[in-house]
Amino acid sequence: MNRTLYGNLIFELSKKGRKGYSLPQDYDRTHTTAELPEALRRKEAARLPECDELTVVRHYTNLSHNNFGVNDGFYPLGSCTMKYNPVINEEIAGMKAFAGLHPLQPAVTCQGALEVYYNLQESLAELAGLSEFTLNPCAGAHGELTGLMVIRAYHESQGDIRTKVLIPDSAHGTNPASAAVCGLEVVEVKSLADGTVDVDHLRQLLSEMGSEVAAMMMTNPNTLGIFEPRVLEITEMVHKAGGLMYYDGANLNALLGECRPGDMGFDVMHINLHKTFSTPHGGGGPGSGPVGVRKGLEQFLPTPRVKKVVVNYDLPEDGPTEWEGFIVDWGTASDINNSNKPLGSVGNFFGNFGVMLKAYTYILSLGSENIKHVGPLATLNANYIKERLRDSYLLPISGLCKHEVVFDGLVDKSSGVTTMDVAKRLLDYGYHAPTIYFPLLFHESLMIEPTENESKETIDAFIDVMHKIAKEAKTDPELVKTAPHNTPIGRVDDVLAAKNPITTYWKSKE
Amino acid sequence: MFKYFPHTEEDLQEMLKAAGAKSVHDLFDDVPEAARFKREYELPEALSETDLRLFFEQLTAPDNAMQLVCFAGAGCYDHYAPSVVQNLIQRSEFLTSYTPYQAEISQGTLHYIFEYQSMIAELTGMDIANASMYDGATATAEAAMMAWGNAKKANCVLMSETVDPKVRRVVETYAHFHGFPIKLVPAVNGVLDRSALDKEIAEGGVAGLIVQQPNYYGIVENYTGIADALHEQKGIFVVNANPSDLAILKTPAEWGADVAVGEGQSLGIPMTFGGPGVGYMACTEKLMRKLPGRIVGQTLDNRGQRAFVLTLQAREQHIRRQKATSNICSNQSLMALYVTIYLSLMGKEGLREVAEMSYAGAHSLRDKLIATGKFKDTFPGQPFFNEFCVDYEGDLEALLDECTANGYLAGVQVGEKTLMLAVTEQRSTEEIDELVEIIQQFKEEEAKA
């Protein structure tokens, strides 16, 4: 990373008459857009930049130098599973033969793509201990919403009106937001002091409103990185009340090899391929949020669905012939309001196929013999950090953690150095900050997720820096409070940004 | 150990010791016995890189992944993109980063999102754009929810029948679960039936109307006067517009739209079997605080430098939880970068050239198809851009099979006799002529025999 700011905007590099493309000139110009009635045409040309190719290449290369990714250094951003994004995944996803496929071309002409799609569905089902998956959702939040739709479609098919969803108060904000978008009312389940679900409170809620409960959403390990020890009891209680259990797969990485959501009694879940299955986060997307269901709920999954079929032909010359292959079930427009039918559709086509290629490549690279080590190694790394940092950072919950560990700021808070300050100081030392101020259960949350890919040397170096910062907080608190010092920009004025929002170049010129 | 796992036996022992465990499995002692997974996964064994390449080469052999000359559209288009774009988005500083929470080390991402927002605002004419959405369909569904949420008293959101049926289905799915009705406004001769719309608006209770431009059938519709009629009833006007065509076509803002949405795949993104693309979403300043998704804004840092940062976060789920404007908590960032670099290279002139070439190619193909005597215009007299519908007199499925066998994806069948074809600047005159020739030569009787 370049620690000097490259401050230009592409618009500032534009000069009339420059261009960065080449198109063939020998085309039939019989028709031009001037034929269109004036009422249908825009008055003024869009003020897009005019730049030569090298200017554009340098601009975005320079911008990239002001960015920090997993390839630049340790990125222990809790709950985001910033694992290594293998390069071979990119090579496979970039194959021209995949890039050139149109989603509506006949299934017989794209069996290879459909096979990848189908096999990934099947692989995820095995890893999750569930029956079937849809790969249509484009992100984790999108998956959550889709999963809740499945749950509502199921209850609707039973003629059962259930409008409430139980969500632990420790849940990620996306859970209640997804529930609200899906038309469900959120009821919070309290947490105990150790961050796990208060089963007594859950029991009380179920006795009060059990027949209205559509589902309970859970992350396990929860957002504190703690495995919910009473999960089997919880799923049983909710099932008894007629509700379904939703598993938020945000923290699935911890469990690979050791435990499957389906075996814990979950009915519906999503997986973040960009977390657990190594596809790059890309600065915020594209992700992929496949949704899996247990047996008996498959019919509600959204269309399109990729299916494996065997078709029998009776050809006059060859006699009976069998064709085994993959087809796309596009569903019908009337599905949405019919019970026992797909719930509808949640995206343009099949979801982010390019991302699926990367995830499937990852699964094939690891194979059954390596995938099982992912959870244990990620968990080992996190527990190692937990034990080695607890002298300097307040560990509010002792005992085992899973893939991530949450501290509640410094042990010694006397100098007034906050979690924010520690996070910013880490940037000076060439690390991405952990997730901060989440979970909300603690005031100074500092959530560290190392993933299985980080070496002991990398983690030791990080631990040393964390201790060093704790020391600085005592000896030179101002240094920490005013950090970062060694980054392209210093702390930003958030209030100014929100007060009079400038969200386009044109607005900034006003 | 495996190449993505750095732990040596020695590392393992030291780390386990520090963690107070004998084996890694002890770290799962808190998992109830009944929930432990004790067998091997039924998955293929690990493939070496060599074998992986072989595996995928077989899957993409011509038989398995036919590379067809593409005249299909219906929401996914085969446009050109300069080589630079794909190369730059693969830069690992962009690719392997996450949402720019730490602005100090994420100016690269924040910067390009700001540029992206500026370009989308400029193309659509709207005041403000968000950092992008999953795709055009979900962006449209979000717009429908925005309309519904914005209305004080309403009983439905209207949607034109000329909106892509795939998009319509997504909007209807979201609306069904979110809990509001979508009422379809019928079409006549391939365009929105204005008298039916006027009637709906006059009845009142309309939270908004969703239209598409060009519409699903490729027709450029005239939406003059609709915004005013809606605004009188406090409804909002949502225009789903193909951003590539906005180099030429009247902008959503010029139509009086309150919200503009659409699919950005047409801005040079490879088709890749339908995804990833990128949804865009923009609105008027008035609706700014109801806009879902991430938004990047300009500010200053404590050294007085211009800096960019995620802003207006009070709308978002991590602060507002169930009261957020949406559950979306990411964007399609890398594809927004793709579009930004594409538009930087194509610029003002390039996008116009793409539009002219696509328009010219589509109109030339339509003329040539009509001249074969085998086709009629499905929607006579309607202006179209780079996609159009024709009715085939014979067995359309047989004709399409013949084209496929000859390496041509001749469009998308949208009715028993109706074929929809799209032409982009990537289709040469030779390809257009060859497609017409295949169709001209096709004789159904021979195909059947």
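## Chain B at a glance

Of the 449 residues in chain B, 61% are buried, where buried means that 20 or more other C-beta atoms, placed from the backbone, lie within 10 Å of the residue's own. This is a predicted model, in which local features need pLDDT of at least 70, side-chain atom pairs count only at pLDDT 80 or more, and totals for chains, interfaces and linings use all residues. Residues are numbered from 1 along each chain as its sequence is written, while chains are lettered from A and ligands numbered from 1 in the order in which they are written.

Chain B contains 14 helices and 17 strands; these are DSSP runs, H or I of at least four residues for helices and E of at least two for strands, numbered from the N terminus. Its C-alpha atoms fill a box of roughly 80 × 60 × 50 Å along the principal axes.

## Nonpolar core

The largest nonpolar core has 317 residues. Such a core is a set of buried Ala, Val, Leu, Ile, Met, Phe, Trp, Tyr and Cys residues joined through C-beta atoms within 7 Å. Helix α11 (residues 333-371) of chain B gives the most to this core, with 20 residues.

## Two domains of chain B

An automatic or database assignment divides chain B into domain 1 (69-80 + 348-448) and domain 2 (83-341). Their centres, taken over C-alpha atoms, are separated by 29 Å. Each domain brings 20 residues to the contact, counted where C-beta atoms, placed from the backbone, lie within 7 Å.

On the side of domain 1 of chain B that touches domain 2 of chain B, α11(B) gives the most, with 4 residues.

Technical notes
Buried ≥ 20, exposed ≤ 12 C-beta atoms within 10 Å, placed from the backbone. Contact = placed C-beta atoms within 7 Å.
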